[in-house]
Amino acid sequence: MNQIHILLVEDDPDWIKSIIYFLNSQEDMIVVGAAESPEKAVDMALILSFDIVLMDIQLTAGRLDGIYTAAEIMERKPEAKVIMLTSLDDERVITQSFTAGAVNYIEKSRFKELPAAIRQAVLHPGSMDVLLKEFARLKREEQLRNLTPAEREVFELLEEGYTHSQMEKKLFKTESTLKNQINKILKKLGAKNGKEAVEKVRRKGIVKENDGKG
């Protein structure tokens with residue numbers, strides 16, 4: 001039997017022990033690693049082979065850093081499937097979890113539902129993948145809606161890694177015109193530079209400083 005490999009990200013040692021025992025008791029599942037911090041989670045995600053991540057939303061008191069960590073892992077490993085775990089049922093947090101790319105969201109009090117949710121995410125991902133792709137497209141459009149067509153064209157070249165001089169040649173724009181458009185783009189997206197603007201849109205507006213309850 002092929003086992004489903006699970007990476008657990010959780011800051012509570014007691015919960016880690018309990019959930020590892022619970023999941024490893026399933027014949028088709030095994031927890032291959034457990035991380036207690038965002039940094040360790042990203043490091044482990046890059047070296048371990050796993051099918052799904054169980055991500056605690058609140059890894060640091062008062063912060064929703066699990067959501068940012070999920071987004072960072074999926075940026076580096078797009079094939080990763082993430083189920084978010086939390087102690088609260090908060091509509092805003094649920095929305096942000098799916099914005100990050102999570103395939104499911106489960107309250108810790110409903111932990112007995114985890115095996116079924118894990119199997120669904122790994123073995124039958126089709127319908128959820130379609131919904132998440134559409135959700136991601138809508139979130140991208142939401143962030144770019146205030147850009148003019150000309151600014152959108154410039155932003156898309158920034159995404160592709162064009163330098164300013166390359167954009168000037170491709171778009172037949174002067175240096176001052178291009179600089180003015182980029183400054184407007186940065187202001188509208190709330191970014192300090194082009195790299196930050198691209199990263200913000202790519203992560204659908206999710207930022208490390210995002211605080212809240214989880």
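Visitor: How many salt bridges does a search of the whole structure find?

Guide: The search finds 9 salt bridges in this predicted model.

Visitor: What makes Arg119 and Asp28 a salt bridge?

Guide: Their closest N and O atoms are 2.7 Å apart. The cut-off is within 4 Å, so the pair counts. Arg119 lies in helix 5 and Asp28 in the loop between helix 1 and strand 2, so the pair ties together parts that are 91 residues apart in sequence.

Visitor: Why is Asp28 called buried?

Guide: The relative accessible area of Asp28 is 14%. Arg119 has 25% and is partly exposed.

Visitor: What do Glu151 and Lys188 form?

Guide: Glu151 and Lys188 form a salt bridge, with the closest N and O atoms 2.7 Å apart. Glu151 is in helix 7 and Lys188 in helix 9, so the pair ties together parts 37 residues apart in sequence. Glu151 counts as buried at 5% relative accessibility, while Lys188 counts as partly exposed at 38%.

Visitor: Which residues are linked with Asp56 in a network of salt bridges?

Guide: Glu10 and Lys108 are linked with Asp56 in that network. Asp56 is in strand 3. An unreviewed UniProt entry annotates Asp56 as "modified residue: 4-aspartylphosphate".

Visitor: Why is Asp56 called buried?

Guide: Asp56 has a relative accessible area of 3%. The limit is under 20%, so Asp56 is buried.

Visitor: Why does Glu36 count as partly exposed?

Guide: Glu36 has 42% relative accessibility. Glu36 gathers with Asp11, Asp12 and Asp14 in a surface patch of negative charge.

Methods. Residues numbered from 1 in each chain as written. Predicted model: local features only at pLDDT ≥ 70, side-chain atom pairs only at ≥ 80, totals over all residues. Heavy atoms only, no water. Patch = residues over 30% accessible without salt bridge, like charges linked within 9 Å, V, L, I, M, F, W, Y side chains within 5 Å. Areas by Shrake-Rupley, 256 points an atom, 1.4 Å probe, with all protein chains shown as cover. Salt bridge = Lys/Arg side-chain N within 4 Å of Asp/Glu carboxyl O. Lys, Arg positive; Asp, Glu negative; His and termini not counted. Charge placed at Lys NZ, Arg CZ, Asp CG, Glu CD. Buried < 20%, exposed > 50% of the residue type's maximum accessible area, 1.4 Å probe, protein only. UniProt positions renumbered as here; feature names shortened; annotations may be inferred. Helix = DSSP H or I, 4+ residues; strand = E, 2+ residues; numbered from the N terminus.
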